[in-house]
Amino acid sequence: KQLPGQPAKARGKITLVKGKYRAYGKRFNIAEGELIFNGGIIENPTLNIRAQRKIKISPSTKTFHAHNEIIAGVKFVGPLKNAKIDFYSIPAMSTADIISYLVVGQPQSQMSQAQAELLYQALSQLTLFSGSK
């Protein structure tokens with residue numbers, strides 16, 4: 001709904017089904033995705049998005065994880081202009097390793113210098129997006 005001279009407002013929900021997202025040459029599955037409009041300005045919907053990757057564990061990495069595969073993901077929750085960003089994994093691990101798996105596909109302790117630079121660039125962009133440290 002939009003009145004003359006006023007910003008557009010919306011009420012309703014957009015649900016993503018089988019969504020995919022590509023960043024840093026990696027493909028993420030959107031496990032859960034909603035944009036919720038509560039009657040406010042359309043430019044600031046409430047987000048409830050969970051994007052994740054399944055990563056096969058190489059034999060050299062199995063010393064860190066007993067599993068053949070891990071799930072590493074990121075959640076965006078809250079108003080778009082002030083969304084909270086959180087990371088999760090199965091099995092549980094440090095946030096630094098989750099981010100490393102998301103971007104370069106292995107724990108940070110096994111990254112090359114080039115992978116570390118890519119990870120730094122990704123974190124810099126995420127910090128700009130989220131406004132957090």
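A salt bridge here is a side-chain nitrogen of Lys or Arg sitting within 4 Å of a carboxyl oxygen of Asp or Glu. The model is a predicted one, so local features need pLDDT of at least 70 and side-chain atom pairs count only at pLDDT 80 or more, while totals for chains, interfaces and linings use all residues. Residues are numbered from 1 along each chain as its sequence is written, and side-chain values use heavy atoms, with hydrogens and water left out.

By that definition, the structure holds three salt bridges. One of them joins Lys-13 to Glu-34, with 3.3 Å between the closest N and O atoms. Lys-13 belongs to strand S1 (residues 9-15) and Glu-34 to strand S3 (residues 26-41), so this pair ties together parts that are 21 residues apart in sequence. Strands (E, at least two residues) are DSSP runs, numbered from the N terminus. What about exposure? Lys-13 is exposed, at 52%, whereas Glu-34 counts as buried, at 17% relative accessibility.

Strand S3 also carries Glu-32, and here the partner is Arg-50 in strand S4 (residues 46-56), so to speak a link between distant parts of the chain, 18 residues apart. The side chains of Arg-50 and Glu-32 meet in a salt bridge at 3.3 Å, N to O.

Lys-56 counts as exposed, at 65% relative accessibility, while Glu-69 is partly exposed, with a relative accessible area of 31%.

Then come the aromatic rings. Rings of Phe, Tyr and Trp (its six-membered ring) pair if their centres lie within 6.5 Å; planes under 30 degrees apart count as stacked, over 60 as edge-to-face and the rest as tilted. A search of the whole structure turns up one aromatic pair. It is made by Tyr-21 and Phe-28, whose ring centres are 6.3 Å apart and whose planes stand at 50 degrees, so the pair is tilted. Tyr-21 is partly exposed, at 48% relative accessible area, but Phe-28 counts as buried, at 8%.

Definitions and conventions. Buried means under 20% relative accessible area, exposed over 50%, partly exposed in between (1.4 Å probe, protein chains only). Helices (H or I, at least four residues) and strands (E, at least two) are DSSP runs, numbered from the N terminus.
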